[in-house]
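Hi,

Here's the structure I promised to pass on. Have a look at it first, and my notes on what turned up follow below.

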Amino acid sequence: MGAAGRGRLRRKVDFDNVFERPQRSSDGEFTVLARVNDCGHARLGLVVPKRIDKRAVERNRLKRIIRESFRQDPIQALALDLVVIAKASAAGADSPRLRRSLERHWRRLARVATVPN
């Protein structure tokens with residue numbers, strides 16, 4: 001797989017594996033699920049449902065913020081599969097608030113990779 005797809009969850013089976021028995025981190029904007037993988041690097045999956053905002057431009061803004069936060073954080077070096085689920089309140093939140101929320105989630109879930117299952 002090319003470098004562009006290396007850090008992403010794409011297949012249903014990969015998402016299902018994370019949903020099976022995840023470690024969770026949740027707040028008003030996002031729920032983030034994490035599970036240790038055997039890839040040697042982190043992979044990110046996004047769930048931004050249409051029900052949180054009907055406008056594609058807002059859903060795409062949330063996805064861009066999530067991906068950029070993931071790219072800039074050291075969590076991407078850990079062997080974790082992460083699924084970020086946006087909540088309705090995320091659609092109205094400003095970008096700095098969303099970034100702070102995601103940084104808290106990354107810090108909490110980074111411990112998952114160091115704890116044996």
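A quick word on terms before the notes: helices here are DSSP runs of at least four residues, numbered from the N terminus. Also, please keep in mind that this is a predicted model.

With that in hand, take Arg 61 and Glu 58, which both sit in helix H2, three residues apart, or about one turn of the helix. Their side chains meet in a salt bridge, at 2.8 Å from N to O, and both residues are buried.

That's one of ten salt bridges in the structure. Another pairs Asp 14 with Arg 43, with 3.7 Å between the closest N and O atoms. Asp 14 belongs to helix H1 and Arg 43 to strand E3, so this pair ties together parts that are 29 residues apart in sequence. Both Asp 14 and Arg 43 are buried. Through shared partners, salt bridges link Arg 11, Asp 14, Arg 43 and Asp 81 into one network. Then there's Asp 53 with Arg 55, at 2.9 Å from N to O: Asp 53 is buried, at 12% relative accessible area, while Arg 55 is partly exposed at 49%.

Now the inside. The largest nonpolar core has 23 residues, and Phe 30, Leu 82, Val 84 and Trp 106 touch the most other members. Helix H4 gives the largest share, five residues. Beyond its sequence neighbours within four places, Trp 106 is in contact with residues including Val 32, Leu 44, Ile 66 and Phe 70.

Finally, strands E1 and E2 pair in the antiparallel sense over four bridges, and a hairpin of three residues joins them.

Cheers

Note on methods
Residues are numbered from 1 along each chain as its sequence is written. This is a predicted model: local features need pLDDT of at least 70, side-chain atom pairs count only at pLDDT 80 or more; totals for chains, interfaces and linings use all residues. Side-chain values use heavy atoms; hydrogens and water are left out. A nonpolar core is a set of buried Ala, Val, Leu, Ile, Met, Phe, Trp, Tyr and Cys residues joined through side-chain atoms within 4.5 Å. Buried means under 20% relative accessible area, exposed over 50%, partly exposed in between (1.4 Å probe, protein chains only). Helices (H or I, at least four residues) and strands (E, at least two) are DSSP runs, numbered from the N terminus. Contact means heavy atoms within 4.5 Å. Two strands pair if DSSP finds at least two bridges between them. A salt bridge is a side-chain nitrogen of Lys or Arg within 4 Å of a carboxyl oxygen of Asp or Glu.
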